Amino acid sequence: MSAVVRIFRGLWRGLDGLRKFLHLLLLLIFFGFVLGAIRGTIPHLPAKAALVIRPEGQIVEQLSSDPVQRAFDEASGQGESQTLLWDLLDAIRAAAADKRVEAMVLQLDDFDGAGQPTLEEVAVALREFRAAKKKIIAQASSYTQAQYYLAAQADEIYLDPFGAVLIDGYDRYRMYYKGALDKLSIDMHLIRVGAYKSAGEPYMRTDMSAEDKEESLAYLNALWGGYQNAVSKERQLPRASLANYANGYIAQVKAAKGDTAQVALQAGLVTALKAWPDVEQRVVELVGADDETHSFHAISYSDYTRVLKAEKKLRGDGKQRIGVIVASGEILDGDQPPGTIGGENTAALIREARQDDDVRAVVLRINSPGGSVIASEQIYREVLALKKAGKPVVVSMGDLAASGGYYIAAPADQIIASPMTITGSIGIFAVIPTIDRALGRLGVTVDGVGTTDLSGRLRIDRPLDPASEEFLQVTVQHGYDEFLGHVAAGRSKSREEVHAVAQGRVWIGSEALRLGLVDKLGNYADAVKAAAELANLGEHYRVERVEPKLTWVQQLAMQIRIRAAGMAGQVWSAPAQRLNRTLAQFAPLQREVEFWQRMSTSERTFAYCFCTAQ
């Protein structure tokens with residue numbers, strides 16, 4: 001054997017050994033993750049600490065996407081950042097009664113916003129924390145309108161000297177595509193019932209209709225009024241101060257030579273202008289210094305939530321339960337992932353609560369613009385079955401419970417909405433595009449034969465004839481009549497009374513109460529209390545969310561995510577989050593395209609509300 005062969009053979013053995021060693025090392029690391037995840041260590045909570053609340057992205061009622069995919073996306077710094085409302089509320093309320101937590105730090109730079117009813121849910125919990133004689137310190141480099149709503153609940157609000165407080169009110173602007181569709185020779189056929197059902201207007205008009213402007217301004221002004229009342233009350237400012245601040249903001253900044261932080265300070269919106277190191281020292285004064293971190297004694301709300309869950313398992317609770325089912329997102333047919341409402345899987349959750357003897361009442365939390373009528377009907381029937389089984393159903397409305405969202409709420413024993421909930425929009429529509437003229441411009445024609453009068457009538461590459469349009473109108477009218485019947489039965493009203501406030505019209509929660517569309521104004525906690533009263537549970541019950549059960553693989557993935565994010569995720573999470581925020585600017589256009597792909601079908605009618613506010 002030559003020396004060269006021996007050298008290469010030795011080199012190969014060395015590389016092979018290195019390969020085996022690296023494989024073993026990776027395997028040990030993997031099993032370390034697995035064992036650590038299974039063991040699930042509980043974070044350390046100091047005897048005296050500040051609870052750090054740092055919401056990321058939107059505050060949502062249900063985390064979107066599959067749990068396993070979400071786990072690995074978050075571990076690698078990818079995916080959409082979201083903060084679960086229920087974890088946030090649990091942590092704040094528990095901390096109010098926890099002697100180990102003496103203060104709270106509210107860091108809002110990474111918070112992207114939420115609807116006003118959601119903000120108020122958090123604000124109520126923050127006020128309970130302050131009522132326990134514990135201070136809240138709010139800090140951000142700048143405050144948006146949504147961020148400032150939460151910051152206003154704090155005892156002390158600090159703004160970076162280079163920051164700003166931007167409060168600009170509410171608006172609703174949409175893009176209108178009729179001009180572009182005309183140039184492309186694409187025809188959109190909108191079949192609807194209700195003068196106020198604005199679905200499809202962007203494809204039929206070049207501007208907002210008078211009806212859409214009327215109802216939009218009504219709820220936008222209500223939201224703006226609610227914002228001013230809530231914030232000015234907490235900050236002890238004259239009610240008109242926020243409107244004056246917004247209307248005169250440009251002039252004030254000019255007068256201050258661009259110093260936006262000083263403008264906010266002079267308006268009384270912040271306590272002082274301080275950078276983060278100075279705010280840290282202020283919190284050290286409240287809870288003491290941590291020698292290891294050279295900062296204050298702290299626990300994050302996510303770690304604190306894990307502590308609470310572990311303590312709850314050790315403590316145990318009563319057997320009688322109020323089941324909470326969250327219906328959040330667009331209503332779609334079939335099984336759908338979290339963040340949307342699937343007709344089949346949401347109906348299955350309600351059925352599970354009905355069949356569980358320990359569940360004595362149900363709170364159905366709705367935050368939805370609606371969607372498929374068929375899926376809404378599936379859920380509606382299960383709510384009826386739950387009532388017939390003798391279990392009270394209380395609907396708690398979030399930011400938005402309109403159209404299909406109201407459809408599934410109608411049969412409840414009691415409907416509780418926030419004063420700022422957007423609801424109503426009782427109406428049905430269908431939309432069908434036809435592209436025969438666009439194809440004709442390219443020299444493409446369509447011809448053929450069929451076996452019946454119906455054959456080929458509803459193809460998008462053929463024009464929609466008057467008979468087909470009449471057929472669709474009759475179908476949509478029937479769906480609207482069914483909707484009216486459901487609401488009339490659930491609300492103990494006549495069809496005529498419901499029709500007078502329906503027709504696709506959107507109402508704010510306080511107006512919906514006046515019109516009899518909801519029973520009470522309140523928050524989620526009020527709905528839970530109402531459910532307990534209807535079921536005669538007294539004080540001996542526990543509240544538990546009825547959710548799809550995670551497999552052991554999904555639970556393992558969730559635990560690995562928690563550990564991986566702490567070890568490796570921080571390395572690439574910041575750049576990934578910056579990239580995600582950049583891409584998010586294009587998300588509205590992507591959602592619009594995807595939405596109309598779902599809606600453009602001759603086989604479905606929809607109960608959907610186009611009623612958003614920024």
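Guide: Two strands are said to pair if DSSP finds at least two bridges between them. The model shown here is predicted.

Visitor: Which residue in β7 stands opposite Ile137?

Guide: Strand β6 covers residues 135-140 and strand β7 covers residues 156-159. The two run parallel and are joined by 4 bridges. Across from Ile137, the residue in β7 is Glu156.

Visitor: Which strands are the edge strands of the open sheet?

Guide: The sheet has 6 strands, in the order β9-β7-β6-β4-β1-β12, with parallel pairing. An edge strand here pairs on one side only. The strands that do so are β9 (272-273) and β12 (298-300).

Visitor: How far apart are the end C-alpha atoms of helix α15?

Guide: Helix α15 runs over residues 373-388, which is 16 residues. At 1.5 Å a residue, the helix should span 22 Å. The model agrees with this, because the end C-alpha atoms are separated by 22 Å.

Visitor: Which residue caps the N-terminal end of α15?

Guide: The cap places a side-chain oxygen 3.3 Å from the backbone nitrogen of Ile374. That oxygen belongs to Ser372.

Visitor: Which residues touch the most other members of the largest nonpolar core?

Guide: This core holds 90 residues. Val165, for one, touches residues including Leu159, Tyr245, Ala264 and Val270, leaving aside those up to four places away in sequence. The residues with the most such partners in the core are Tyr143, Tyr148, Leu150 and Val165.

Visitor: How many residues does the other core have?

Guide: This other core lies apart from the largest one, and its members include Ile350, Val383, Leu386 and Ile408. Val383 and Leu386 are also among the buried residues of α15. The size of this other core is 53 residues.

Definitions and conventions
Residues numbered from 1 in each chain as written. Predicted model: local features only at pLDDT ≥ 70, side-chain atom pairs only at ≥ 80, totals over all residues. Heavy atoms only, no water. Core = buried A, V, L, I, M, F, W, Y, C linked by side-chain atoms within 4.5 Å. Buried < 20%, exposed > 50% of the residue type's maximum accessible area, 1.4 Å probe, protein only. Contact = heavy atoms within 4.5 Å. Expected span 1.5 Å × (residues − 1). Polar contact = N/O pair within 3.5 Å; in protein donor to acceptor, adjacent residues only side chain to side chain.
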